[in-house]
Amino acid sequence: MSGSGKAPVLVVVQLTGGNDFMNTLVPYSNPNYYDSRKTLVVREGEAIPIDKELGFHPMAEPIKGLFDDGKVAVVQGIGYPNSSRSHFRAMDIWHTCEPERIGTEGWLGKAIRDLDPEGENVLTGVHIGRALPRALAAPGVPVTSVGNLDNFGLLNGIGDPHQRGEALEIFQRIYSPAIGNGPVMDYLARTGTDVIRGAERLKDAPAKYTSKVEYPDNPIAKSLRDIARVHLADLGTRILYTAQGGYDTHANQAPTHPKLLGELSSAVNAFFTDLAEHDADEEVVMLVFTEFGRRIRDNGSGTDHGSGGGAFLIGKQVKGGLYAEYPSLEPGQWLNGEDLRPTIDFRGVYGTVLEQWLGLDATEIVGGTFEQIHPFTRS
Amino acid sequence: MPENDLALVAHLMRRAGFGATRVELEGLAAKGYEAVVDDLVNPERFPEVDEDILDRYFDGEGINVSVGRWIYRMINGQRPLQEKMALFWHHVFATAIQKSEHVPSMTRQIALFRQVGLADLRTILLELSKDPAMIFWLDNNENRKTEPNENYGRELLELFSMGVGNYSETDIKMAARAFTGWTFSQPIPIYPHGHYPAEFVYRADDHDDSEKTFLGYTGRFNGEDIIDIIVQQPATAHFIARHLYNFFVADEPQVPAWSQVPPQDPAAIETLTRAYRDSGGEIRAMLQVLFNSDFFKAARYRKLKSPAEFVVGTIRLVGTHRFPDPTLFELDTAMTVMGQQLMNPPTVEGWHTGKEWIDGGTLNERVNFAVDQVGDLDKPGVRAIVDHLSRVNGALGASSFVDGCLSLLGEQQVSAATRQTLLDVAESDGRLRFDGEAERAESARRVARLLQLIVASREYQFA
């Protein structure tokens, strides 16, 4: 739990497409790495070493800085048995913790329900982006999804405030659920009503915010700045979510992947600097995840879908370092002869965050008990 | 023409096209439902959009020009189903400009879907496999004899034809090898004349001609052989039938769930699967069966509109954008903030559809967009609705006012509770009169306000 007396907050950053973990935390001294990565290789001397075996990708330098400050826990080899190589399915599994069947409830949706059982605060969970990820979806759980924080509000186009007020009242009437309307109509009713409540509370967040920190000009930085603005508005938000796309680097990985890592790292660094400037970094932990790692061998230009990726927990109350084990690069140990063998189940890491950080019971949310790590300075 | 026929044709046009105005519906209903379906599935009976006008008034290099031109076609084309099929295949064969940033290829891919969208699946998959935008998107240009890249092979099976659970990882590798050598010519460099299209090229020297075993068949297969095997699989017929059902009839769960969640209407899927078999996989034949079926006619308002359907449908009602101009860019932006940026789907799996179009953020955008459109009395479609209502003798009571507006908004149906709220609003300011200038102006404002409430309703979110 957060030590500042403030309620602990979780920020989740999804790297969409499957981040290449081997080229994020690079096993630069391992000959097997050079044998399997002919084209997409980060050499000794390029990687920024954290020990004699591993080093961060040079573009991840800002995260390496946070790592050196002891604020970054790297969860190596995160995955699950029989990893799906379909993006869609794999992401679904990470979102719902249901590798065997199709789940409809997201793990964070369930966590929000536990944090706010009566759904009293529509801002307990906030998503920054377009299209709500399934991780946040659970029946009856309000989540506010904000595309553009600076212009969020219903019927904004009706200029006359009196008329707009009237229209909003009628809107609320036609969005009240009625018996026999069916689940989708009910869902729309709840969503519409929640938008009004959420927008009402969020509308002052942008004006309240000032900061000396300049975020880099890229999409993930913009999203993290919005997350900072919502968090700093002190609206009771406990779970915030956003995504960075583009990690599906089957081809042309050489220019693409470093660029993404650079944008992510600098954005994350700006975010934590911003929070620290506002004395609001004690209560925030960030989880960075991706739906799978990539194949051990590159394909000459990129890497195909694999398993065994990596996740990061970042924050002032994180005990920095390496967690779980880096999957073995010995060819005899490769999963299906081509993949990194996961060394820790992602549901254990979710459990770690849910129980040790948010103070919730994880068993029901992640569908069982999985081995946890202990990455927080206080728990 | 009975009102329920108008409502049925309105349903057809929302699904097979992008909606229709009351005036259009009257003309169509007079033809008869089956004749309208026959016209829809035979778009070549109607003239193409005049490209010259677009070239002259709405030309440029950027992707937003290409998207804007597509939106213009959706609004103005006389071949609504052809345009809808381009959108359908764009949903299924989701390719994003974000990776290539090569506008001519992206534009040409959508034109290809327009051109072959109603053909047989073999033709469609073959053309798709030769499409430079697709080849680059799924890295088939990196699929080498010596270093196969299985991206296209995998998605061809998983997302484009059969669905998960109907093939093995080995089948994927074999399909990938069969498509080695299917690539495109390097386009002429961009400078000084701008982007040139790329052309499909088959490189025999980079093709893996060795023997392969794919779905139980063995031979020295090339890509074409793989497609021949795929289109004969019952799983393919079933998968395509389900896609058509999901897009045209009623929302199904998201595609990855299909291997585990059975269709909501197995008999309908069977009917469509049979049409696939009987016609040799012809989409036109499947759609003719679909639109004439009872399950289609009974499925009114059982789909949430996609952002493209929502925006274009609304614009068709308000009657703007009949001529290409830069405000088409605004419609691209409107769809984007509702969660659908055309020519740039989030991943190869395309957009999550149905209920997943809607969250607080996107609902907010939808409502605000539609409310702003129909609230503007300068728009020709809104003016036409006011004019139509004003043609009464005397004054309109609340129910004629409300029902008139609903009907003039393309035969929109609403729940009893919503209608009651609208009636209360209509009643609160008395009967609608159009006698003097001042009364006409006030009544016009009242009409616009009521239209705003209708398009803000939950019912308007459904197609």
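Two strands pair if DSSP finds at least two bridges between them. Helices (H or I, at least four residues) and strands (E, at least two) are DSSP runs, numbered from the N terminus. The model is predicted: local features need pLDDT of at least 70 and side-chain atom pairs count only at pLDDT 80 or more, while totals for chains, interfaces and linings use all residues. Residues are numbered from 1 along each chain as its sequence is written, and chains are lettered from A and ligands numbered from 1 in the order in which they are written.

**Strand 10 of chain A**

- Strand 9 (residues 284-290) of chain A pairs with strand 10 of chain A in the antiparallel sense, over three bridges.
- Leu287(A) has Leu313(A), in strand 10 of chain A, as its bridge partner.
- Strand 5 of chain A and strand 10 of chain A run antiparallel and are joined by six bridges.
- Opposite Val75(A) stands Ala311(A) in strand 10 of chain A.
- A residue is buried if 20 or more other C-beta atoms lie within 10 Å of its own, exposed if 12 or fewer, and partly exposed in between, with C-beta atoms placed from the backbone.
- Strand 10 (residues 309-314) of chain A is largely enclosed by the rest of the structure, because six of its six residues are buried.
- Gly309(A), Ala311(A) and Leu313(A) are buried on one side of strand 10 of chain A, and Gly310(A), Phe312(A) and Ile314(A) are buried on the other.

**Contact between the chains**

- In chain A, 48 residues are in contact (C-beta atoms, placed from the backbone, within 7 Å) with 45 residues of chain B.
- Helix 3 (87-96), strand 7 (144-146), helix 5 (161-174) and helix 6 (183-202) of chain A each supply at least two residues of the side that touches chain B.
- Helix 6 of chain A gives the most to that side, with ten residues.

**Domains of chain A**

- Domain 1 (9-150 + 216-366) and domain 2 (153-202) are given by the domain assignment of chain A; such bounds come from an automatic or database assignment.
- The C-alpha centres of domain 1 and domain 2 of chain A lie 35 Å apart.
- Five residues of domain 1 of chain A are in contact with six residues of domain 2 of chain A.

**Positive phi values**

- Most residues other than glycine have a negative phi.
- Asn82(A) has a positive phi, near 50°, and is found in the loop between strand 5 (72-79) and helix 3 of chain A.
- Asn82(A) is exposed, with 11 other C-beta atoms within 10 Å.
- Met343(B) has a positive phi, near 65°, and is buried, with 22 other C-beta atoms within 10 Å.

Definitions and conventions: Two residues are in contact if their C-beta atoms, placed from the backbone, lie within 7 Å.
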